[in-house]
Amino acid sequence: MREEIIVSGRNNPLIDPQLHIWHWEIPLYLFLGGLAAGVLFFAALYTIRNRENDYRTAVKIAPFVAPIALVIGLIALFLDLHHKLYFWRLYTTIRLDSPMSWGAWTLMLVTPLSMLWCALHIKELFPKWDWKFDIIKDVLAFFEKNKKVLAWIMLVSSAVLGIYTGILFSAFNARPLWNTSILGPLFLASGLSAGSAITIWLSKDHAEKKRFAQLDLMIIGVELFLIIHMFMGFLASTQVQIEAANLFLGGAYTAPFWIFVVIMGMIVPAILEILELRKFKIPVVIPVVLVLFGSLMLRFIIAYAGQASRWLY
Amino acid sequence: MRYAMAIDTKKCVGCSDCVVACQTENDVPIGYCRDWVVEVMDGTYPQLELEIRSERCNHCENSPCVRCCPTGASHYNEGGIVLVEKNKCIGCSACITSCPYDARFVHPEGYVDKCTFCLHRVKKGMQPSCVAVCPTKCMYFGDLDDPRSDVSMVLKKRKWKTLIPEAGTKPHLYFLI
């Protein structure tokens with residue numbers, strides 16, 4: 001029998017025997033960033049289309065989730081850094097080649113934008129809210145007048161945020177599992193799905209719930225389509241990518257991926273949403289929690305499995 | 001100027017002197033290494049072939065680590081040597097995940113560390129410590145643009161390969177076969 005035995009003297013912590021440099025912080029942030037992107041995208045979209053009053057939750061209530069998610073995500077990102085006191089170096093340069101640099105600057109734009117959006121709608125949550133200083137009122141009045149422009153900026157920047165969470169991985173050719181541009185749209189779709197799930201959960205209006213259930217169904221369809229294409233691409237590619245795909249097609253990550261992400265995170269909530277649209281009584285929290293869980297698991301599994309995939313030499 | 005290194009896999013005996021020399025010269029923390037020895041045994045018994053390689057950062061011409069660094073800490077220095085400026089490094093590990101050779105690690109102080117081709121020695125006209133110490137003289141270092149440098153001469157004479165050239169990195173570490 002032909003055999004190949006490779007012995008390496010290298011044993012660097014977190015690198016050998018298998019790369020495990022990114023832990024829970026990165027996938028958690030990618031989930032929260034995607035969720036915030038999804039929520040802000042719909043808020044901006046329905047503002048631009050003048051449907052603020054039809055989809056009140058999406059435009060005025062759900063966006064409150066975004067700054068909270070982003071701040072927790074930023075804390076997770078900060079915890080991930082090994083040279084923490086130098087984090088400000090991110091903001092002394094712009095590097096167009098580096099997805100991480102794009103992400104840092106996008107967050108610099110989206111986080112304050114989401115807070116501004118919430119400040120504009122704070123009376124929806126707290127009707128008696130009153131700003132203490134007149135200058136804040138003046139500033140908010142200015143943005144209220146130019147809300148459409150603000151919505152356009154938010155629409156574009158939230159889409160960039162949603163896509164970048166996937167591009168962050170796909171830009172690494174060293175990890176064959178990540179090296180597919182499908183991850184960008186897939187993570188964006190997953191973020192939009194999570195965003196619409198949150199809106200279904202928070203909404204008290206039947207028409208709005210129905211609208212977002214339909215939207216979510218459509219997005220889940222797109223996600224399944226993208227996943228199938230991702231595997232088709234891998235299997236038609238080089239040996240390293242075939243082996244990367246095999247992590248999910250019989251390898252170590254097969255069960256968690258197909259059970260947690262595809263079945264529990266996409267197919268079951270889709271069936272429940274269809275039944276709901278057909279007037280069956282199903283507690284709305286079940287599909288919502290499943291979608292959020294699936295979205296989180298997608299990030300975790302891709303992050304961990306990607307680090308297990310490598311070039312052969 | 002393009003610095004490169006050639007390692008003769010037929011002469012290397014895998015003694016790891018290069019590893020120890022590097023650790024001593026560069027004060028590499030205990031438990032870490034910037035260079036390492038890989039032994040590959042291939043074939044059907046008794047027709048076995050053994051290849052021994054002293055590996056390190058490939059100082060790629062198209063470095064994924066330089067490309068993905070969000071702060072510019074990873075950069076090309078003199079002669080294309082890829083270095084990390086530790087006061088710019090935030091320890092985000094993007095470069096570590098981007099390296100197909102897994103040549104980088106996080107230094108216990110938080111910044112990312114790797115082989116420097118001993119630029120501090122090279123600037124003084126000396127060889128990198130791993131090359132200087134090799135008891136079988138299996139390593140060659142020099143400038144690819146100078147046709148009379150050790151590395152250019154040996155690459156002209158001998159058959160060689162680079163590691164995973166299909167990753168598109170244009171590595172500057174050559175293995176004589």
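In this predicted model, helices α4 (residues 99-120) and α7 (residues 147-170) of chain A have axes that come within 9 Å and cross at roughly 140°. From α4(A), the residues Pro99(A), Met100(A), Trp102(A), Gly103(A), Thr106(A), Leu109(A), Val110(A), Leu113(A) and Trp117(A) take part in the contact; they meet residues of α7(A) that include Ile153(A), Met154(A), Leu161(A), Tyr164(A) and Leu168(A). Sorted by class, this contact holds 14 nonpolar, four polar and no charged residues. The crossing of the two helices is left-handed. The spacing of such contact residues can be read with a general rule in mind: an α-helix has 3.6 residues a turn, so residues three or four places apart point the same way.

A second pair of helices in chain A may be set beside the first. The axes of α9 (residues 206-235) and α11 (residues 254-277) of chain A come within 10 Å and cross at roughly 145°. This crossing, too, is left-handed. Among the residues that make the contact are Ala213(A), Leu217(A), Ile220(A) and Glu223(A) of α9(A), together with Val262(A), Met266(A), Ala270(A) and Glu273(A) of α11(A). By class, the contact of α9(A) with α11(A) has 10 nonpolar, no polar and five charged residues.

Beyond its neighbours up to four places away in sequence, Val39(A) touches Ala62(A), Pro63(A), Val65(A), Ala66(A), Gly195(A) and Ile198(A).

Val65(A) and Ala66(A) are also among the buried residues of helix α3(A), which include Leu70(A), Gly73(A), Leu77(A) and Asp80(A). The cover over the buried residues of α3(A) includes α1, α4 and α8 (183-202) of chain A. The length of α3(A) can be checked by calculation: at 1.5 Å a residue, its 16 residues (65-80) should span 22 Å, and its end C-alpha atoms are 23 Å apart, which agrees.

Loops deserve attention as well. Thr180(A) lies in the loop between α7 and α8 of chain A. Is Thr180(A) buried or exposed? It has 21 other C-beta atoms within 10 Å, and therefore counts as buried, since the cut-off is 20 or more. Setting aside neighbours within four places in sequence, Thr180(A) is in contact with Ser170(A), Met230(A), Gly233(A) and Phe234(A).

Chains A and B meet in a contact that takes 43 residues from chain B and 38 residues from chain A. On the side of chain B that touches chain A, the largest share, nine residues, comes from β2(B). The residues of that side divide into 25 nonpolar, 13 polar and five charged.

A cis peptide bond joins Asp16(A) and Pro17(A), with omega about 0°, and Pro17(A) is found in the loop between β1 (3-8) and α1 of chain A. In chain B, a cis peptide bond joins Tyr45(B) and Pro46(B), with omega about 5°; Pro46(B) is in the loop between β2 and β3 (47-55) of chain B. Phe117(B) has a positive phi of about 55° although it is not a glycine. Phe117(B) counts as buried because it has 27 C-beta neighbours inside 10 Å.

How values were computed: Residues are numbered from 1 along each chain as its sequence is written. Chains are lettered from A and ligands numbered from 1 in the order in which they are written. This is a predicted model: local features need pLDDT of at least 70, side-chain atom pairs count only at pLDDT 80 or more; totals for chains, interfaces and linings use all residues. Axes are lines fitted to C-alpha atoms, for helices over the stretch in contact, and angles run from 0 to 180 degrees between N-to-C directions. Helices (H or I, at least four residues) and strands (E, at least two) are DSSP runs, numbered from the N terminus. A crossing is left-handed if the near helix is turned anticlockwise from the far one by less than a right angle, and right-handed if clockwise. Two residues are in contact if their C-beta atoms, placed from the backbone, lie within 7 Å. Ala, Val, Leu, Ile, Met, Phe, Trp, Tyr, Cys and Pro count as nonpolar, Asp, Glu, Lys and Arg as charged, and the others, Gly among them, as polar. The expected span of a helix is 1.5 Å times one less than its number of residues. A residue is buried if 20 or more other C-beta atoms lie within 10 Å of its own, exposed if 12 or fewer, and partly exposed in between; C-beta atoms are placed from the backbone.
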